[in-house]
Amino acid sequence: MREPLSKKLVLWAFVLVAIVTLSAPTIVVLGASFTAGNIITFPPDGLSLKWYAAISQASDLRNAFLRTLWVAAVCTVVAIPAGTLAGIALAKYAVRFERTIQTYLLLPFTIPLIGSGIGLMLIFGQAGILGQLWPVGVAVCVINLPFMIWAVTASAAGLDPDLELAAANCGAPPLQVFFFVTLPAVMPGVITGSLLMFILALNEFLVSLLLTDARIVTLPVQIYNSIRSIITPDLAAISVVFIACSGLAIVLLDRLVGLEIFLKSK
Amino acid sequence: MTSRTAYPLTWRIMDVLEGVAAAIWPRSMARATPYLMLAPAILLVGLLVLGLLQMADSSLRTLDTNTFLLSENYSLANYRRAVTEPLFAVVAWRSLLAAVIVTAVTLIFAFPYAYLMVRTRSSALRKILLIALFLPFFIGQVVRAYGWLIILGNQGMVNEALGLVGIPPMRLIYNYPAVLFGLVQYMLPFAVLMLAPALTAIPEELEAAAGSLGANWVRSFRHVVLPLCRPGFIGAGVVVMTLSLTDFAVPAILGGGSQDFIANAIYDQFFRTSDQGLGATLALMLVALGSIVVGLVFSLFGAGTLAVSRKRK
């Protein structure tokens with residue numbers, strides 16, 4: 001069936017505006033990072049890599065980036081077991097109070113980020129662990145945990161209870177069934193979920209802003225703090241790190257599970 | 001190595017693990033296994049509940065301006081201040097209005113995007129649309145807002161370009177429309193990703209059938225696709241509305257302090273005026289406001305794609 005021309009035109013008009021709006025900041029940041037001038041101008045003053053050289057010398061930026069990686073790693077390491085187990089439990093078993101538990105596990109999404117962040121700041125402060133880095137990782141894990149659980153339950157269609165029973169019937173004890181039958185079946189979900197958790201933790205801003213102090217700022221907070229003053233291209237160069245990480249995550253996601261997984265209906 | 005040893009290492013490790021597992025979690029407790037599996041996630045989310053309780057405690061204590069400590073005794077003074085001070089009403093109204101406008105605009109642009117992405121025959125186009133969606137989604141709010149500053153700032157690209165043709169620079173950021181624009185850009189990926197599965201669920205044959213019965217594409221959109229996509233609109237709408245209502249970074253960066261939303265006001269109470277009690281009060285009221293918005297939408301339109309359901313075999 002041929003699409004009418006008017007439909008095509010209207011759809012494409014909206015989609016083109018959307019694509020330009022979505023991509024403009026990324027492209028501009030990329031372009032600005034290669035400028036030769038001291039301030040960002042249009043048209044650019046010429047091409048150079050000098051801002052990359054500048055940021056590679058800046059130890060505060062490098063340390064902030066390493067701290068961000070550490071936070072993302074803690075977040076992912078905590079999220080994988082907690083989210084995978086919860087996701088499998090919800091998909092496989094008819095647990096009591098299922099609705100209540102599901103609603104409860106969605107709390108990180110229903111409580112506004114500023115509320116979650118302030119609450120965690122207060123209890124971490126009372127526990128005397130504010131100012132350390134690992135609680136930031138745990139906090140970022142909590143606020144994004146539903147993504148991990150969702151990814152695992154969404155892939156639970158590949159989970160066949162008969163296979164688990166067959167394995168048990170052949171003499172496999174429970175842990176073996178779990179590691180060699182159940183877990184491989186939901187692996188696409190575990191991969192999707194952990195990639196999402198890692199990249200979202202890398203970018204997490206508000207909760208990091210609330211839970212870090214000047215000594216342990218993460219990179220997004222560092223960028224935010226520097227934006228206030230004059231716009232210089234070194235910030236653009238450091239932002240390219242995030243663009244590169246984002247690109248890498250997309251390639252990995254596409255290779256490992258396929259981006260089209262997000263288009264599937266429930 | 002494994003070919004020569006009769007009993008490979010992994011087997012022995014697994015046997016030890018099985019033994020340990022059986023000792024601490026015997027078969028007789030198998031019925032409770034699902035709850036054991038849910039426990040870590042429930043405990044992690046429990047941190048948020050603890051945080052809410054702590055905020056409730058702080059919200060009932062007023063700040064002593066002499067000692068800068070919270071009072072020992074409870075009172076509702078903070079709540080009285082939160083509802084009577086005109087500043088907070090202005091901020092709340094600004095955030096609510098933004099949430100409504102941003103939701104409407106985002107859905108209008110997200111629907112054609114999701115439709116084209118789901119329906120296109122070209123897998124290359126689908127991939128391009130997906131990448132254009134995920135790239136900003138994964139880059140984070142701060143870097144994106146920074147990109148807008150480069151484009152729209154007072155010495156930004158647009159003003160430089162206008163200067164070349166003799167138009168004096170205009171103030172394009174640090175105003176309400178700039179914040180709205182930044183929010184729409186931030187929310188688009190969320191909305192498209194919530195709409196796409198709902199569109200996938202609508203069989204293409206339905207549109208063909210409407211077409212063969214004489215409906216043009218506008219009518220088949222209006223009477224077939226849009227009504228069937230309703231659960232997707234509700235899901236996307238609720239997510240976009242609550243996220244923009246409670247956003248911090250976009251109003252802070254593109255509003256430049258003059259366009260504060262509720263989240264910015266809460267932050268200021270904690271880190272500028274150091275009034276933890278009033279800050280906690282405002283934060284709790286924002287949690288309540290968010291829940292009211294969600295509840296209102298759900299009771300008016302149903303839970304859409306956000307309804308909890310489990311496929312039973």
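**Views of chains A and B**

**View 1. The contact between chain A and chain B.** In this predicted model, 83 residues of chain A are in contact with 81 residues of chain B. Helix α1 of chain A, residues 5-33, gives the most to the side of chain A that touches chain B. Its share is 16 residues. By class, that side of chain A has 61 nonpolar residues. Another 17 are polar, and five are charged.

**View 2. Chain A, built from helices.** Chain A has twelve helices and zero strands. Along the sequence, the pattern reads α-α-α-α-α-α-α-α-α-α-α-α. The C-alpha trace of chain A spans about 70 × 65 × 30 Å along its principal axes.

**View 3. The interior of chain A.** Of the 266 residues in chain A, 45% count as buried. Take the contacts in chain A between residues at least 6 apart in sequence: 77% of them join residues at least 24 apart.

**View 4. Chain B, with helices and strands.** Chain B holds 14 helices and two strands. Its radius of gyration is 26 Å, well over the 20 Å that the globule rule gives for 313 residues, so chain B is more spread out than a compact globule. Along the principal axes, the C-alpha trace of chain B spans about 85 × 75 × 45 Å.

**View 5. The interior of chain B.** Buried residues make up 45% of the 313 residues in chain B. Among contacts in chain B between residues at least 6 apart in sequence, 70% link residues at least 24 apart.

Definitions and conventions. Residues are numbered from 1 along each chain as its sequence is written. Chains are lettered from A and ligands numbered from 1 in the order in which they are written. This is a predicted model: local features need pLDDT of at least 70, side-chain atom pairs count only at pLDDT 80 or more; totals for chains, interfaces and linings use all residues. Two residues are in contact if their C-beta atoms, placed from the backbone, lie within 7 Å. Helices (H or I, at least four residues) and strands (E, at least two) are DSSP runs, numbered from the N terminus. Ala, Val, Leu, Ile, Met, Phe, Trp, Tyr, Cys and Pro count as nonpolar, Asp, Glu, Lys and Arg as charged, and the others, Gly among them, as polar. The radius of gyration is taken over C-alpha atoms; the globule rule is 2.2 Å times the number of residues to the power 0.38. A residue is buried if 20 or more other C-beta atoms lie within 10 Å of its own, exposed if 12 or fewer, and partly exposed in between; C-beta atoms are placed from the backbone.
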